[in-house]
Amino acid sequence: MNIINKSWEEIFKNYSEYDELIKLNNDIEKQRETKIIFPKKNEVYKVFSLPIDKIKVVILGQDPYHKKGQAMGLSFSVNENIPLPKSLINIYKELYSDVGIKRENGSLIDWFKQGVFLLNTVLTVEQAQPASHRNLGYENFTDYIISEISKRCENIVFILWGGYAKKKIPLINQKKHLIIQSAHPSPLSAYRGFFGSKPFSKTNEYLKRVGKKEIIW
């Protein structure tokens, strides 16, 4: 497991199914010999290069983008100079509508560096096979991670887009964190409550209220 900040080591080791996670990683690496799998091996755990005590916001995705060159280890983000996926186009439309910021580059690494934890609930995918690595064991692990963030951190904004993400609400202590939820930004559902939901301004209003530095979106 590459690119893990030391602040996560104890949390990983305390995961009750840690041995199964190691086995899953080994299985995925074996599959790379005959299949194209995203993201690259050294980017699968990239999100964990952000120290847990630096997290301000969690944006939860499902599984990585499945088209060539897109997935880079952070949910909804793509590598620079890659055409924007449709969900990210809609995220940027809402960003502009909400706070007046225009973005063209699809890399969200600047958000990540400010404490936006861009977590996919499934960490790998086979090329052109969306959801191909669901139910292999990643979800148990990322559920555990969400619970640990809820337990160990204070005043985190959890942004949950779509029904799948909303199922994670029971893992989050709402007495000490803010949950912002809406429809998913995908073209199929963006007009059912994502557009106009103002997640970016709501996040910064909350961060300001609890004495944290706002995100420069």
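**View A. Strands S2 and S3 lie side by side in this predicted model.** Strand S2 (residues 57-61) and strand S3 run parallel and are joined by 5 bridges, where two strands pair if DSSP finds at least two bridges between them, and where strands (E, at least two residues) and helices (H or I, at least four) are DSSP runs numbered from the N terminus. Within this pairing, Val-58 stands opposite Phe-117 in S3.

**View B. Strand S3 is covered on both faces.** Of the 5 residues in S3 (residues 116-120), 5 are buried, a word that means under 20% relative accessible area, whereas exposed means over 50% and partly exposed lies in between (1.4 Å probe, protein chains only). One side carries Val-116, Leu-118 and Asn-120, and the other carries Phe-117 and Leu-119.

**View C. A cis peptide bond joins Phe-38 and Pro-39.** Its omega is about -10 degrees, and Pro-39 is placed in the loop between strand S1 (37-38) and S2.

**View D. Phe-76 and Lys-198 have positive phi values.** Most residues other than glycine have a negative phi. Phe-76, with phi near 70 degrees, is found in the loop between S2 and helix H3 (86-99), and is buried at a relative accessible area of 9%. Lys-198, with phi of about 55 degrees, is found in the loop between strand S6 (178-182) and helix H7 (199-209), and is partly exposed at 36% relative accessibility.

**Notes for the views.** Residues are numbered from 1 along each chain as its sequence is written, and side-chain values use heavy atoms, with hydrogens and water left out. Because the model is predicted, local features need pLDDT of at least 70 and side-chain atom pairs count only at pLDDT 80 or more, while totals for chains, interfaces and linings use all residues.
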